Amino acid sequence: MSRQVTIQHITETQLRSVKRRAKLLSRSRQDVSYMQCLDIVCQEDWGLRHFHQAQKLVTRKPSNETNVPRGEQSHSAWTLYLQACQDAYFEL
């Protein structure tokens with residue numbers, strides 16, 4: 001069931017739905033990890049490259065925020081990836 005769409009913004013509810021589907025998929029397929037299942041679901045449903053890209057669409061801030069304090073600036077890709085791994089671990 002592939003529904004390729006152009007996604008501009010993803011809600012927290014949609015992201016939780018992806019996580020639920022990925023969990024079911026990882027239980028049914030022993031050859032892929034949960035994180036790989038997250039990527040598969042995002043690719044199939046939204047045509048995104050990976051789960052991290054979906055997370056960025058949820059946490060994206062408006063581009064007109066130029067005076068954001070240094071501690072509140074957007075995180076690096078590595079930090080977001082580690083956060084996704086940690087979130088996935090605690091959901092299992």
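Tyr81, leaving aside its neighbours within four places in sequence, is in contact with Met35 and His52; contact means heavy atoms within 4.5 Å. The model is predicted, so local features need pLDDT of at least 70, side-chain atom pairs count only at pLDDT 80 or more, and totals for chains, interfaces and linings use all residues. Residues are numbered from 1 along each chain as its sequence is written, and side-chain values use heavy atoms, with hydrogens and water left out.

Tyr81 sits in helix H4, residues 77-91. Helices (H or I, at least four residues) and strands (E, at least two) are DSSP runs, numbered from the N terminus. His52 is 29 residues from Tyr81 in sequence, yet their C-alpha atoms are 6.4 Å apart.

His50 belongs to the loop between H2 and helix H3 (51-59). Leaving aside neighbours within four places in sequence, His50 is in contact with Asp39 and Cys42. Asp39 and His50 are 11 residues apart in sequence, and 4.4 Å separates them in space, C-alpha to C-alpha.

How accessible are these residues and the cysteines? Buried means under 20% relative accessible area, exposed over 50%, and partly exposed in between (1.4 Å probe, protein chains only).

| Residue | Relative accessible area | Class |
|---|---|---|
| Tyr81 | 39% | partly exposed |
| His50 | 24% | partly exposed |
| Cys42 | 0% | buried |
| Cys85 | 25% | partly exposed |

How many disulfides does a search of the whole structure find? It finds zero. A disulfide is a pair of cysteine sulfur atoms within 2.5 Å.

Now the helix packing. The axes of H1 (residues 12-28) and H2 (residues 34-46) come within 8 Å and cross at roughly 120°. That makes H1 oblique to H2. Angles under 35 degrees count as roughly parallel, over 145 as roughly antiparallel, 65 to 115 as roughly perpendicular and the rest as oblique. Axes are lines fitted to C-alpha atoms, for helices over the stretch in contact, and angles run from 0 to 180 degrees between N-to-C directions.

Which residues of H1 and H2 meet? On the H1 side they are Gln14, Val18, Lys19, Arg21, Ala22, Lys23, Leu25 and Ser26. H2 supplies Tyr34, Cys37, Leu38, Ile40, Val41, Cys42, Glu44, Asp45 and Trp46. By class, this contact of H1 with H2 has 10 nonpolar, two polar and five charged residues. Ala, Val, Leu, Ile, Met, Phe, Trp, Tyr, Cys and Pro count as nonpolar, Asp, Glu, Lys and Arg as charged, and the others, Gly among them, as polar.

Overall, the protein has four helices and zero strands. Along the sequence the pattern reads α-α-α-α. Of its 92 residues, 30% count as buried. Among contacts in the protein with a separation of 6 or more, 64% come from residues 24 or more positions apart.
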